[in-house]
Structures are given as C-alpha cells and as structure tokens.
Amino acid sequence: MSMHVLQALVENKFGVLARVSSLFSARGYNIKSLAVGETHDPSVSCMTIVVNAEDEGILEQINKQLNKLIDVITVKDITKTDYIDRELLLVRVRYDERNKARVDALHDQYTFHLFDKKDDYAVLEFTGDSMLVESLLSDLATIGVIELVRTGKIAISK
Amino acid sequence: MKGSEIIVKALLEEKVEAVFGYPGGSVIPLFDKLYDYPQLNFYLVRHEQAAAHAADGYARATGKVGVCIATSGPGATNLTTGIATAYMDSIPMVAITGQVKSSLIGNDAFQEADVTGITRSISKHNYLVKNVKDLAPTIKEAFYLARSGRPGPVVIDVPVDIQLQEADFDYSGEIALRSYKPTVDGHPGQIKRALKLIRESRRPVIMIGGGVIISGAHEELRKFAEAINAPVTATLMGLGGFPEDHPLYLGMPGMHGTAYANLAITDSDLLITIGNRFDDRVTGKIDEFAPKARIIHVDIDPTSISKNIKVDVPIVGDARNILSEILATLTDGDKPDTTEWLAVVDGWKKKHPLTYDQKPDGYIKPQYVIRTLDELTSGEAVVVTEVGQNQMWSAQFYTFTKPRRFLSSGGLGTMGYGFPAAVGAAAVVRDRPVVCMAGDGSIQMNIQELATVATYNIPVKIVILNNHCLGMVRQWQELFYHRRYSGTPLKNPDFVKVADGYGVAASRVKDPGAVKDALRAMLDHNGPYVLEVEIEPEENVFPMVPAGEAINRMIGGMS
C-alpha cells in the first residue's frame, strides 16, 4: 500500500463529484481523502484526492479511469513532485484543570488557534502539512480528543 | 418549438432510421411528436429492456448509433440491463428517458427514479437536462460521445416539463469538449517498437477483439496478417473481423476456444492483440497466459492497457488507423519467417479439430443445426445469439467471414439479449437473413417480443435449441458440482403454440434427417418464424477451460 496524491481538474458541473466517488467505489479503490472546490476559473473545480494504491498497476488504472470520465479535464499524480500541501483540522479537546497545561504546551509547539473555551472544553483550529497534522494528532491522542473534523488534503505544486 | 419536437428534430439530424421504445407518463409529449415523424420508424416493443437490446442490435448490425426511448421510473430501470450490455461491449447507443417534472425531482414522485445515478457506472456518460435550451446541444454531444473514441451508451434524462417548454431549434453548434479527446492515431515511436518485435519474432499470433469490427479495420487486418504471415485468433467480440475460411484463421481463444488457438497463444513468442481487453474468459489463468510471448496491445481505451495483462508495447489509438500506419511502414525486412511455426499450428489444427458426432437416428446435435444453417446461408446470415451454450456453439460452428454478422452479448453475458437484438438488426438489415440462435431458457426472457415481430412483420428467424434445461449451468453442474442439477431443469411451454398465439409461424423438428428441410422452410418463409429444435439434452460445449485454469489445459475436444 502506498499513498498517492492526485490532483484532478474537472468540469464544475452537477454530478461530477458523484461520478468520481462512484468510480472509486465501483472499482474498489480506496480514497483516504478527497477535497474539492471551485478554482479561479468558475467553470473548473479542483479535486485533491489522496488514495491508497496496492501497487503501481492499480495507481495507473485509477489515473486512467479518472481521465476516462468525460467531465475530468486533467489528472496529475503530484506525489513525487515538489508541492505544498495543507489540511485544516478542527478539534474539540478537554480543556479542564488537568489538561489545560498540556494543551497550552502543544499550543506553543504547534501555534494553533484555541477558541470556544467553555465548560472545560475548547476547540482548536490547526492548518499544516501532512507531517505536522499527523504529529499533532498523535500528540493530541495522549490528551484525548472529543471530536475531530478535517478537510482532507489540498495541495499546490511549487 | 417544444422540447419534444427538438428531440425528434435532433434525431432526424443524426439520420436515425429506427427508434425502439415504449411510452409512459413522462414521455407522452415526446411520443406525441414521434406521431408526426413516421420517417423515424418507431418500433413499439413489449418491454423496455427489449428496446435497449433492439437499439444495440441495430447498432451492431449497422455501425450506427442505436436509439431507444422509455418513460421515467420503471421504464428507465427496465432499460438498464440493455444499457449495461451495450456498455460492456462498446456499442454506440443513445437512450432517452423521460423524467418526472423538474419541480418534483427528488420528492419520490410517482414513477421517479434517479436515472443518472443508476446509469452512472453502466454508461459512457449521462445527462439530466434541466433547461430546454440545453436540449439540442446535449443530444448532439450525446451522439458524438456514443459513436466516437471507444463507443458506448449515453443516457439523456429529460423531465416531462422540459419536453413541453419552448426553445429555438439550433443544431449547428460545434461540439467543444476540452475534457474528451480520444487518441486515434498511434504513436510513431510505439509503432516502430512494435515493428522491431514483429521482426524478431518466430512464432507470432494475432489476437483480435471487437475493436477491429467497431473501427472497420477488417481489411487492414487481413492485409497485415497476410503480410507477416501470422495466424489470427478472434475473440467472441471479434468474430467476423477476420475471414474464418482463411488458412491463417485459428478460431476463438479462451474458455470455449479451439484447442489450436489456445495452444498457439501459449506457445507464441509474440502476441499482437488488437481491440481486445483481455477478458478473463479469454485469458484463463493470467499468470500462465502467453507465458513465452512479448505482447503488443493496440486499443483505443488507455484503461484497457495493462489492466489485466502487462504488455511490452502498448499503442493507444484506433485499430484501423494504427494498422494502416503499420502497413505503410512495414518493409519486407520486418516480415518474420513463420513457415515452421505455421506448420506446427497446422499440425494442431489437424490433431484437435472442433468436432461433433451426429448419428442419423439419435438426438439432433446442436452443432449440426448450426453447421447446416451455415451451409444453407453460405455463411452470410446475421446470427444473433442468446447467452449460454447456444452462443458458444454458434461462435464455434458458424463460419463468419465478414464483420457485423455475429451479434452477441459478450461482456455482460445477458440472457434475453438475442431475440430483441435480432429484432433491431432485422428492422434495417433486409438483404440477408437475420437468425436468432436461442436456447429454451434465454428465449423466455424476452419472448413477448414475438408480438413486436408479428406487428411489424419483422422477418427474424428464431431457432430455439431446446434441451429442456439451462444448458451452460447444467454443464458446469455436471462437470464441477457432482451432477446436482439445482435450478436448471426447465418445464417449458409448447413454443410452437406460443408462437402461434402471437401470430408467428412456427414448427418443431426432432429428427436429424429433417433438420435441413426445416431450416430451409424457416429461411424461405416470408416473415418471422420460430423453429423449435429438440436437441440432445446433455450435449456439452467443448473444448472447455475450467474457470481460472490455464488456457492450454482444456477438457473435452482434445482427443
């Protein structure tokens, strides 16, 4: 299994997301995350898809099958290229007497926003690349996460 | 004009000469306009599935885009088997479905189904038309997509209110699809690499699939095969892409292929495969498929390449273009010496021919029926099969020498395909007989179409090879499931009486000596005809490669 980051430019039309996601489910490909939004050209959307591919052959098929969809304009596998990636996390953590100091320590380390502090809970907002996100998540695991919401990865090439 | 008339006008612009369909609440406006345009030749079927198969049969027989129409909800869902059948075999088709009123979509309205959702994975593309102004350009684009690149079915879902709204009819717009540009010409570098492999080979085999027929590459293929003197095997979808009476012809490969085709592939040092996607019924056990061969793979669909089999030289493009390019560049120095190889292959042909044993007083052998039909029609009939043993025997024992003469559901393997597809073919093909080769199981999946052929006097000839069971499954049960015939024996109606009830001429034959006359009477009959043939109930299709086994390990027919 290896993780790949695919970037697909697609027609910004009704049903395109469904076409892409049903392609993955129909052919048994694993999506780790998928983030989609309009680009500067409102007729085009950009999808950043992180996939788990068992081997090169599967990855090649995913790439080709995506390209085969009529509404897909281009597909690029940017995994091995130089790119900047970001993901946004919103995490509700316990922020009581016992945890406060540990969360604040992480705050200094990761510089996230901490807000909505009430009833011994707080929500932190963090934006970073995969490495930082994974590192923060593993640190937060020791504190205890109440709720976690993430956008999935988006990326832009350098 | 109204949306409904825009649809009809667009079909005329596309030179559609037959439309198959069934009305219902959400297409009444469209049917109202069809009434005004008899030149579209509307055929009312008796079940929407038959409309899709008929459009498919029409497309396979003519190479043009088939058109079918159904209403929303159940009408559209009944089309889906036919759409999926066409998709698997790359058949150009446009399916127009009515949809509930735009304002009701998503409300679980009467006869509502999410047609674009349901058909997404079984069509090349689909549309839900939300604005009447988009209707004409959408239809134009749909026809273009259906017939270009790797062809396939395209679904257009049109809400009933859109059919009633007014817009100008303008069919002159250019199709501009930045996201769809099929590669049709082969990459010159790849062609050069292919020529090098051809030059170096001693035991080449050419394997063709449906792509050769779709692209009309049969002439170029014959020239190519003769130029490099290589034997040719054609998959089920490729039958007729190469003349079967040609000395270089090997028959079909794979599960029910000839022993000599399978042995030749297994022993070949170069497999040149054109317009084929390495279906599991062709390859058998992947690891042992063509183990000694380097592989050149020509296909218009990049996803077909290196999907099941790793190939050495892929060439993406249209089979006909690529073969022309190869022929133009091929020099005498590129032509391998295959004399020894052809002698080996001929030895296999003589040693392991396709055989059957028709005793004069025994049961009728189905193979004999097909051979006799072949003889009586000089191999010129359009043979449309159902799925199962009837399909394999037809593929094995009829001599297809030209493309578009063998119509069969290869990829999806749809029982119930053959008869309505034959209706679609016979609606336009009138210069040669159209024969549906059916089994007693599959004919009953769309037997109601006898009403259609009776209504329009469509001269389809239906041969029912009756073995009183679902023969192909029965064969597997006999060979691999200890003869436990679960769900396969059939208690059938009297097919002659059924045909008579529909007003279709029919007869039955039980005696081998009477087969020829019975077939001749059927062919001579002016109009549709059902011939029921009581065949050997336990006849099997041989040779056979058990599922998942290597193709050179066949059972039966390897005397």
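1. Strands S2 (residues 30–38) and S3 (residues 44–53) of chain A run antiparallel and are joined by 8 bridges. Ile31(A) has Val51(A) of S3(A) opposite it, and a hairpin of 5 residues connects S2(A) to S3(A). Two strands are taken as paired if DSSP finds at least two bridges between them. Helices (H or I, at least four residues) and strands (E, at least two) are DSSP runs, numbered from the N terminus.

2. On the source: this is a predicted model, in which local features need pLDDT of at least 70 and side-chain atom pairs count only at pLDDT 80 or more, while totals for chains, interfaces and linings use all residues. Residues are numbered from 1 along each chain as its sequence is written, and chains are lettered from A and ligands numbered from 1 in the order in which they are written.

3. Chain A as a whole holds 4 helices and 9 strands. Along the sequence they follow the pattern β-α-β-β-α-β-β-α-β-β-α-β-β. The C-alpha atoms of chain A fill a box of roughly 55 × 35 × 30 Å along the principal axes.

4. Chain A has 158 residues, of which 23% count as buried. Buried is used here for a residue with 20 or more other C-beta atoms within 10 Å of its own, exposed for 12 or fewer, and partly exposed for values in between, with C-beta atoms placed from the backbone. Of the contacts in chain A between residues at least 6 apart in sequence, 75% join residues at least 24 apart. A contact requires C-beta atoms, placed from the backbone, to lie within 7 Å.

5. Between the chains, 12 residues of chain B are in contact with 16 residues of chain A. Ala, Val, Leu, Ile, Met, Phe, Trp, Tyr, Cys and Pro count as nonpolar, Asp, Glu, Lys and Arg as charged, and the others, Gly among them, as polar.

6. Chain B contains an open sheet of 6 strands with parallel pairing, in the order S13-S12-S14-S15-S17-S16. Its edge strands are S13 (406–407) and S16 (505–509), each pairing on one side only. Helix H20 (residues 495–502) of chain B packs on this sheet and touches S15 (460–466), S16 and S17 (529–534). The direction of H20(B) makes about 175° with that of S16(B).

7. The axes of helices H11 (residues 259–267) and H14 (residues 339–351) of chain B come within 8 Å and cross at roughly 150°. H11(B) is therefore roughly antiparallel to H14(B), a label for angles over 145 degrees. Axes are lines fitted to C-alpha atoms, for helices over the stretch in contact, and angles run from 0 to 180 degrees between N-to-C directions. Ala259(B), Tyr260(B), Leu263(B) and Ala264(B) of H11(B) make the contact with Val345(B), Trp348(B) and Lys349(B) of H14(B). By class, this contact has 6 nonpolar, no polar and 1 charged residues.

8. Thr77(B) lies in helix H4 (residues 74–88) of chain B. Thr77(B) counts as partly exposed because it has 17 C-beta neighbours inside 10 Å. Leaving aside residues up to four places away in sequence, Thr77(B) touches Ala113(B) and Ile118(B). Thr77(B) and Ala113(B) are 36 residues apart along the chain, with their C-alpha atoms separated by 7.7 Å.

Note on methods
Contact = placed C-beta atoms within 7 Å. Parallel < 35°, antiparallel > 145°, perpendicular 65-115°, else oblique.
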